[in-house]
Amino acid sequence: MASQDVLSQTTRLASSSALLQVLFRVVTFGLNAFTLRYLSRELIGVVNVRLTLLYSTVVFLAREAFRRACLSGSTKRNWTKTINLLWLTFPLGVFWSIFLGLVWLHLLEVPDPSVVPHYQAGVVAFGLSAIIELLGEPFWVLAQAHLFVRLKAIAESLSVVSKCILTVILVVLYPQWGLYIFSLAQLFYVSVLVMCYVIYFMMFLGSPEATKKSFPVARMKALLPNLVEDETFVNWKEAWLTWSFFKQSFLKQILTEGERYVMTFLNVLNFGDQGVYDIVNNLGSLVARFIFLPIEESFYVFFAKVLERGKNVKDQKQDDVAMAANVLELLLKLVLLIGLTITVFGYAYSQLALDIYGGSMLSAGTGPDLLRCYSLYVLFLAINGVTECFTFALMCKEEVDRYNFVMLALSFTFLCISYFLTHWHGSIGFILANCFNMGIRIAHSIHYIYDYFKESTYRPLTGLLPSPFLVLVYILSGVITGFSEVVFCCDKGWMARLIHISMGALCFAATIVTMFCTETKLIHFVRSQ
């Protein structure tokens with residue numbers, strides 16, 4: 001597949017994923033806001049921190065390394081061996097689910113049954129849901145590797161909406177069920193997700209479209225583990241790369257979910273405070289899930305296909321190097337501007353957003369300050385996602401192994417800083433520690449990118465330098481909206497709130513117009529792709 005075709009399909013994948021997720025997440029956003037009125041902070045804390053951490057840890061440790069390894073390189077490979085390797089995620093998931101489930105049941109603090117009933121059933125259900133989701137892993141990797149543009153977005157969106165609708169129905173009709181509600185909803189979510197992939201491939205394999213595309217798998221049976229006569233069960237090169245990524249993924253999970261591990265194992269916050277923190281965290285990370293994650297996942301595939309892992313810039317095809325450098329520069333500029341916009345406008349509109357979303361439960365206390373800090377953290381998330389997706393797509397096995405030592409030191413430092421900052425500044429300390437963590441990771445990735453391109457004429461890191469005039473507009477917008485918040489928000493009635501919103505809309509419009517005038521190269525890229 002030509003590099004230009006890969007770029008075109010990759011951008012379609014990222015944009016379609018982002019747009020579909022926005023559409024469906026708007027629905028779930030409203031459903032969740034409705035559900036908050038019926039639940040206690042403690043129940044939200046147990047579900048969204050304790051049990052969700054169990055589920056995410058199992059699936060991450062079981063599959064992340066396999067995804068990284070199996071999505072590297074060309075799609076022209078022995079897919080039988082790759083699928084065999086991917087099925088190893090299932091027994092690995094069973095092991096982690098049983099092991100961590102016992103930890104969650106017997107070593108961690110158990111919530112008060114009168115406040116959060118049926119905790120044991122919740123642990124079993126969330127662990128089982130992780131195992132069910134791993135059944136769809138070969139389908140997911142095959143779809144992602146061949147750039148099936150809408151399948152992933154539709155499957156995830158339908159499963160999330162189905163989960164939210166079931167949760168709302170059960171919360172309204174049977175609020176006394178407690179964790180049974182979220183256990184059933186979680187099992188329903190993963191079942192819908194896996195079935196979407198299975199049904200799609202049942203219809204696609206053997207179809208004229210599959211034949212036209214010369215799809216490497218012809219029958220559903222080929223998606224099950226298969227022994228090949230006189231050949232090894234798996235591709236050992238992929239297997240060793242998976243092992244390298246597994247060591248890294250273990251550390252990355254600690255960094256990604258570090259604050260939840262600190263909350264869960266060190267009890268620095270009670271379940272109620274954990275609930276508020278998680279709601280604010282989810283609200284603040286909407287853009288990261290809608291836009292940054294689809295970009296990171298899709299362009300990881302692009303860079304891995306266009307450039308060859310482990311080769312320096314001189315040994316690559318120069319046309320591909322030019323395209324990759326240009327795309328990286330424009331991606332950095334795109335996520336930087338999105339991150340700056342959220343940071344600037346998020347500061348003045350955090351309290352209003354929380355008050356509309358969850359009422360006084362969220363807008364009083366530390367909620368607004370949490371969301372303001374998270375607005376800054378989004379900027380770090382934006383830059384880190386793109387720089388790491390390029391770095392991980394190009395690192396050879398030895399470089400991945402070396403980076404594991406960096407991650408090990410960073411994981412330990414992050415956990416220590418999280419613990420001390422939380423004692424010093426409550427839940428805000430978690431976000432400050434995350435900013436520090438992301439800053440170090442960004443510095444490492446920028447160093448790798450600089451070294452990679454230093455022997456060429458390309459300087460993609462210039463994408464991190466916005467126009468000076470645009471920076472001035474951001475500063476003015478921040479000052480104006482900050483002053484507007486003090487004067488008009490948020491206890492002076494709806495008319496004052498509307499004036500505050502109008503001030504923000506005018507400043508936002510001025511910022512967008514300035515972008516169109518100063519970042520013409522980026523605007524052309526977004527429009528053309």
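A residue counts as partly exposed when its relative accessible area falls between the buried limit of under 20% and the exposed limit of over 50%. By that scale Cys-373, with a relative accessible area of 21%, is partly exposed. The structure described here is a predicted model, and its protein chain comprises 21 helices and zero strands.

**Overall form**

- For 529 residues a compact globule would have a radius of gyration near 24 Å, and the 23 Å found for the protein chain agrees with that expectation.
- Taken along the principal axes, the C-alpha atoms of the protein chain fill a box of roughly 75 × 55 × 45 Å.
- Among contacts in the protein chain with a separation of 6 or more, 83% are accounted for by residues 24 or more positions apart.

**Nonpolar cores**

- The largest nonpolar core has 149 residues, and those with the most contacts inside it are Trp-104, Tyr-197, Phe-201, Phe-215, Phe-303, Phe-390 and Phe-453.
- Helix H14, which covers residues 318-358, gives the most to this core, contributing 17 residues.
- When residues up to four places away in sequence are not counted, Phe-303 touches Ala-324, Val-327, Leu-328, Leu-331, Cys-389, Phe-390, Ala-393 and Leu-394.
- As general background, nonpolar side chains in soluble globular proteins tend to be buried together.

**Cysteines**

- A search of the whole structure finds zero disulfides.
- Cys-373 is in no disulfide, because a disulfide requires a pair of cysteine sulfur atoms within 2.5 Å, and the nearest cysteine sulfur to Cys-373, that of Cys-435, is 7.4 Å away.
- Cys-416 is likewise in no disulfide, the nearest cysteine sulfur being that of Cys-435, 18 Å away.
- Cys-416 has a relative accessible area of 28%, and it is therefore classed as partly exposed.

**From helix H4 to helix H5**

- The loop between helix H4 (89-106) and helix H5 (119-134) contains His-118, and Asp-112 lies in the loop between H4 and H5 as well.
- His-118 is not a glycine, yet it has a positive phi of about 65 degrees.
- For context, most residues other than glycine have a negative phi.
- His-118 counts as partly exposed at 30% relative accessibility, and Asp-112 counts as partly exposed at 43% relative accessibility.
- Asp-112 and Val-335 are 223 residues apart in sequence, and their C-alpha atoms are 43 Å apart in space.
- At 1.5 Å a residue, the 16 residues of H5 should span 22 Å, and the distance of 23 Å between its end C-alpha atoms agrees.
- The buried residues of H5 are Tyr-119, Gly-122, Val-123, Ala-125, Phe-126, Gly-127, Ser-129, Ala-130, Ile-131, Glu-133 and Leu-134, and what covers them includes helix H2 (41-70), H4, helix H6 (137-145) and helix H8 (179-204).

Note on methods. Residues are numbered from 1 along each chain as its sequence is written. This is a predicted model: local features need pLDDT of at least 70, side-chain atom pairs count only at pLDDT 80 or more; totals for chains, interfaces and linings use all residues. Side-chain values use heavy atoms; hydrogens and water are left out. Buried means under 20% relative accessible area, exposed over 50%, partly exposed in between (1.4 Å probe, protein chains only). A nonpolar core is a set of buried Ala, Val, Leu, Ile, Met, Phe, Trp, Tyr and Cys residues joined through side-chain atoms within 4.5 Å. Helices (H or I, at least four residues) and strands (E, at least two) are DSSP runs, numbered from the N terminus. Contact means heavy atoms within 4.5 Å. The radius of gyration is taken over C-alpha atoms; the globule rule is 2.2 Å times the number of residues to the power 0.38. The expected span of a helix is 1.5 Å times one less than its number of residues.
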